[in-house]
Amino acid sequence: MDGTGLPEVRSTCAYCGVGCGVLLRPDGAGGLSVRGDPDHPANYGRLCSKGMALGETVGLDHRLLTPRAFGKDVQWDEALQLVADRFSSTIEAYGPDSIGFYVSGQLLTEDYYVANKLMKGFIGSANIDTNSRLCMASTVAGHKRAFGTDTVPGTYEDLDQADLVVLVGSNLAWCHPVLYQRVLAARQARGTKIVVIDPRRTASCDQADLHLALKPGSDVSLFNQLLNRIHAGGHFDRTFLDRTVGFADAISTAEQDDPSVTGLSRHEIEKFCELWIKTERVVTIFSQGVNQSSSGTDKVNAILNCHLATGRIGREGMGPFSVTGQPNAMGGREVGGLANTLACHLDIENEDHRLAVQKFWNAPSMPLKQGLKAVDLFRAVEDGQIKALWIIHTNPAVTMPDADRVKDAITRCPFTVVSDLTANTDTARLADVLLPAAGWAEKSGTVTNSDRTISRQRAVLAPPAQARADWEILAEVGRRMGWTEAFSYETPAQIFREYANMTSLAVSFGKDFDIMDFSDIDDEEYETLSPTRWPRISRKPDGRFFGDGHFFHPDGKARFIPVTHRPPKTTTSAQYPFLLNTGRNRDQWHTMTRSGLSPRLSAHLPEPHLEVNPDDAGRLGLSTADLVEITSSVGSGIYRLRISESIAPGQVFAPIHWTDETAPSARVDALVPSVTDPISGQPESKSTAVSVRRMNAAWYGFAVSVAAASPNADYRATARTANGYRLELAGKQVIDDWESTAREWFGLHKAVATSVEDAKSGSFRIALSEGQRILAVLFVSRKPVTLMRDYLATLPEVALQQILSGRSSVASEDCGPIVCSCFGVGLRTIIRAINDKSLISVDDIGDALQAGTNCGSCRSEIADLINEHSKPLKRLENCPQQ
């Protein structure tokens, strides 16, 4: 205990699929402190920058606190009855397939279970899909084709014991930093080599022995070359092949692939193949660069084929390993949250499975076929087939491909329900009914991480106002629709027991998923449940699958899948000469509804950017800090230019996180067309043909405000600060009266204005204050504004007489843009330490400043600064995004 007298409570992080354990201590005033759980097997106390900042994301400022129906606050009874009645009447008029659920990897397993049971077992439709469709559906499909079930073969311990780790389409250093640190620890302890296969040079390349910058979408061809060499050199495992089917066909197909499509040299391919073949303990980690593709399932199977051929699967330190992006994406897969699956890894189109599930639930009906996958689901909303839609903890108006079209479809849906923590999302604004849901640290249940470890999330804060747990909301709707007994749940432990008992069906059908040992867990045991990897030790003593050669197809054998290179469906042209790749920033997550609340996380890269190769920037006449317009066949956007050699010529990269709330012109999925993998239904988010040109801005601006503001500008990017907000702005139209405009934008019509104008240069600076308190400041220029942005973002602490200079005083040190979010260390602080103390290594910086000593995701940026430390500080002037 600390001074609050309140004990720490074990829980699980709210972010990615690593599933890190956290220790939470409420402060008694609605906040809490967070630190890593040293006993949790996923992280052993380590947290990334996002996990460390979780305490900054709780509070009431952004929360939805009461149900709303058609724009008015209502009581729960009215809201729930309205939902139940509209769903019932829609089913009666149009049938069960007129209902659609779109759910999320943010749900706890207990929430997921109730939603799936309600939709598939009682409404009688399979039109329930999850946003996990956008991140790992291709892995699910690839696993099922090869193994017979969606089974992750290995464990995190394999990363500690591998002699070679291959990262395919995975920027592990930024997206899963805690796992990346395990890989680096193995490198230090046993000399583990690292290969990165990615069109971009990412932070994960910093410690790599080999970076293969292959052409986008050519992964199948590369792994077919590896399979060919495994076969030609006799490096396959003859004994293990007896437990497989289709090796000859896979080889025959692979031999037809042309390695030149990868864009790699013969030497690069040979070097990779030799390293992979000669290193028995090899783990191949893959993520969104593999999954988010129109050939994503084939990419997965190309990787699995190589591990099956060599028998390097399910044994210590070796195997294919998919890392997931959400805290309970795995739990959703296990519980049947996808439209094409049933709970417990059973198959919806298998009559025996379907009837067994129906009997277990005592359900009135079950769908006879797969439901609509995410892209098709929203097309059905657009076409009018879906008449009533329930969206839970996700933001498809931003995250679905062709996002503007999806947004319009939701707008036209006759009845839309949204359950969420906040009303301030692009999707929530479209709802007919808004239901306030309890959030992380307010609700209890379980989640499953990427290596099948089930952990508890525990409530340490009371849900604010009228917010309720999702399972409670779903169960109450089920009861009001007439299924009282089936949804008579009172606690999450009761749901977990039922779900655990249901896994007896999987066992009876010879499937993998088994948590039957928990079917009689009592409430106290559930409350104290420790992290547990399934299946229990009694079935798999080392926690791994397939090392014994037993698979889950009817004959017990694995399947080689013959695959060949298929280029991305969107190709460049004279009109759209660049390929757009999308992905995550280091310190943000999804659409920033949580991570964007943290000033610390928002300080790293506070606005959306487009990475462009220097050669392409030169050819287009672009300069650092320009704003650029991107156009595709379905949409357009505006981003800040970042010139970077990490991106190859002809390719560009933009992050995924911005929304109407934070940067209306930079919703990246408005650019991405609805092209999907024909097997998994997963969209192709990594290869969109676009054009790029400079935005012809009449003015550029930077503003700081203590209150939220939404200036009407062609470009606006808003980020949290410790005391309010910072905004990057630009517009195409000349504005003549800046004082009136500033007052209107910030809602400060009676504030005292202090301004400086230089009509000749086109610059204008204004501070709006009340008494000695500065409430907002705006800087405008005809060119991108050069200021000490991070110093100004401390407003209102900045003195009025100082602020309009845009510079710190001699006594005030400007730390510059944040580099290390874990410890709040800025770029200028690091450069001063390099120059003043003659520091020459990343470890030196860590010893002096702590930067890079926690999650390590900033170490590559620190290394770049060391390489450039001799450059004068003035060259790193704090321009936008520099």
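Two strands are said to pair if DSSP finds at least two bridges between them, strands (E, at least two residues) and helices (H or I, at least four) being DSSP runs numbered from the N terminus. The model is predicted, so that local features need pLDDT of at least 70 and side-chain atom pairs count only at pLDDT 80 or more, while totals for chains, interfaces and linings use all residues. Residues are numbered from 1 along each chain as its sequence is written, and side-chain values use heavy atoms, without hydrogens and water. The protein averages a pLDDT of 93, pLDDT being the predictor's confidence in each residue, from 0 to 100.

An open sheet of 7 strands with mixed pairing runs in the order β5-β4-β18-β17-β16-β6-β7. Because β5 (72-73) and β7 (128-130) stand at the edges with a single partner strand each, one side of each is left without a neighbour in the sheet. Strand β6 (residues 99-103) pairs with strand β16 (residues 388-392) in the parallel sense over 4 bridges, and Tyr-102 stands opposite Ile-391 in β16. Helix α16 (residues 374-383) packs on this sheet, touching β6, β7 and β16, where contact means heavy atoms within 4.5 Å; its direction makes about 140° with that of β6, such angles running from 0 to 180 degrees between N-to-C directions, with axes fitted to C-alpha atoms, for helices over the stretch in contact.

Elsewhere, helix α8 (residues 219-232) packs with helix α11 (residues 266-278) at an angle of about 55°, their axes 10 Å apart.
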